[in-house]
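Open the structure in your viewer and keep the selection tool at hand.

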Amino acid sequence: MLSEQFILELKARSDIEQIIGAYVNVKRRGRNLVGLCPFHSEKTPSFTVYPDSQSFYCFGCGAGGDVVTFVRRIENLDYIEAVKLLAQRAGIPMPEDGYDDSFARLKTRILEINRETARFYHAHLISPAGKKGLDYLRERGLSDKTIRRFGLGYAPEDWDAAIRHLREKGFRLEELAAAAVAVKSARGSYYDQFRGRVIFPIIDIRGNVVAFGGRLLDGRGPKYLNSPDTPVFKKSRNLFALNFAKSSKEPALILAEGYMDVVALHQAGFVNAVATLGTSLTTEQARMICQYAQEVVVAYDADGAGQKATNRAINLFGEIGGRVRVLKVHDAKDPDEFIKKFGAARFRLLLEGAGSAMDFAIGRLRQKYDLESADGKVAFLKEFARFMADIRNPIERDVYVTRTAEELRVSKEPLTAQIDYIIRQRAKNAEKKQAGDLTVFASDPKRGRDPQREAHLKEALAEERLIGILLKNPDYHRFILERIRPEDFLTDFNREIFQVICQRLEQNRPIELIALSEQLDERQMGKVAGILADAVSSKATQKETLDYIDAVLAGRRKKTPEELKQMGREELEEYVADLAAKKK
């Protein structure tokens, strides 16, 4: 356990506004700051930073907590790793003892396993036994230099070749399973995760091998197999080749669809190319790209799936304010094929001529309608108006409205009036939604189903009010504990939070969020941050506090229909009399 002095010093030197501002574009609204939540996709800002309490809370998804909680979530770290990162940023040395670093040691061990596994796959690729994999890569036009640069490899077709090699290096089977280079079967035996596949090591921005992607050459199984999430790897928060692309002097990053596209682009001199890892582009990945580049050029395949993925990427970058251009690959299915057919110089011209995301979206919209007919033109303009209403920049909106009106030979004024009407209606709906979010979080905070809370909603709300009172009025501690104990709570979730706060108060220890984050998990910290964001608890009088206590205790005394059936006559009469007395 870290000392309170260290934690409070860390808080003093880790201003939440500055730290969150490095990841999220937040704007001041009164005393607080508001922006788009980095933990879920949204168009209306519901992510709020509270400098006064050094906390954050999202009214959309329920994420919340202190500066440590934020760093844990955004960087995918455990508690100690997040504290270490903040301490390093603040220039504070970590205590030499007093904390459990077992998880950090496991992550270090997994990184060692991954590094050795990558070496094993690469050595096998360039050995006579890896000829099949090397032939494939050379047939795809890759040079030996490129193969070495990316550390490409080939997984033997044996069931446990990698396991045997790693066991000889001193790694345990349980560690190999944790690293996801081995899989434990239902019968308890272990086998290699990758077999008979060309291997693409996935390297993070710190230079660590964190996972692998494998391309099947023949036989049964998915064409591409990617490592599952592990303690050192999360698909949604990593990008293939970002370790190289982040150092590129180019102002833009090229977002390609797969490993081979990226490797081919790098070999052709476009070292600013990256790709997602077997999944659709995520908000986290889009934010990472925007951290390293002024804009992104989406270079997905020209087929239907690629165009659909392009549309999704445009929407994601639009939500976070990223600048996007879209590459149209002609006479080839993807960038790799285009470069092979026409060369790198032609591809650079293609890049320079990449259109804006707006041009791409409007072009796709026009393809849906017959613009030669009156009905088709009207249908297109209706959808075009709804699309333009999403464009926040009035100058950009006016340029595209003017151009489209001229091209279709229609008057601009009624089209502009329709767009303005849609914008006003959406603004009214957004205000209603935001007002609802501010009150609904207490009754439906979007944290997943909690059957206990649903069954005892009135009591759960009273429990949350009591937690809020303790957080904001710790001097009520004795008054509350003389009348109600944690075991009286009806919901396990609230009981755990209440118990931690009470224990710390009884031990005269701080209950600030940064102190609580060591004992509460991310979901519990989100709940506490949500309660702190509610102004009701801070103004509670002793009478209102008693009302909340009575509500919880009354719920505790209620009997279920099954319990009533099992009660004897005298016990039942006494229970009914007690209920009647409580109502008077």
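**Stop one: Thr404**

Select Thr404 and Tyr400: a polar atom of the Thr404 side chain lies 2.8 Å from the backbone oxygen of Tyr400. This is a predicted model, in which local features need pLDDT of at least 70 and side-chain atom pairs count only at pLDDT 80 or more, while totals for chains, interfaces and linings use all residues. Residues are numbered from 1 along each chain as its sequence is written, and side-chain values use heavy atoms, with hydrogens and water left out.

Thr404 sits in helix 18 (residues 394-408); helices are DSSP runs of H or I with at least four residues, numbered from the N terminus. Thr404 has a relative accessible area of 1%, so it is buried (under 20%, with a 1.4 Å probe and protein chains only).

**Stop two: Arg348**

Go to helix 15 (residues 344-352) and select Arg348. Its relative accessibility is 34%, so Arg348 counts as partly exposed (between 20% and 50%). Beyond neighbours within four places in sequence, Arg348 is in contact with Glu250, Gly269 and Phe270.

**Stop three: helices 5 and 8**

Now show helix 5 (residues 102-125) with helix 8 (residues 161-168): their axes come within 10 Å and cross at roughly 125 degrees. Axes are lines fitted to C-alpha atoms over the stretch in contact, with angles from 0 to 180 degrees between N-to-C directions. To see the contact, select Ile113, Glu116, Thr117, Phe120 and Tyr121 of helix 5 and Ala161, Ala162, His165 and Leu166 of helix 8.

Methods
Helices (H or I, at least four residues) and strands (E, at least two) are DSSP runs, numbered from the N terminus. Contact means heavy atoms within 4.5 Å. A polar contact is a pair of N or O atoms within 3.5 Å; within protein, one must be able to donate a hydrogen and the other to accept it, and residues adjacent in sequence count only if both atoms are side-chain atoms.
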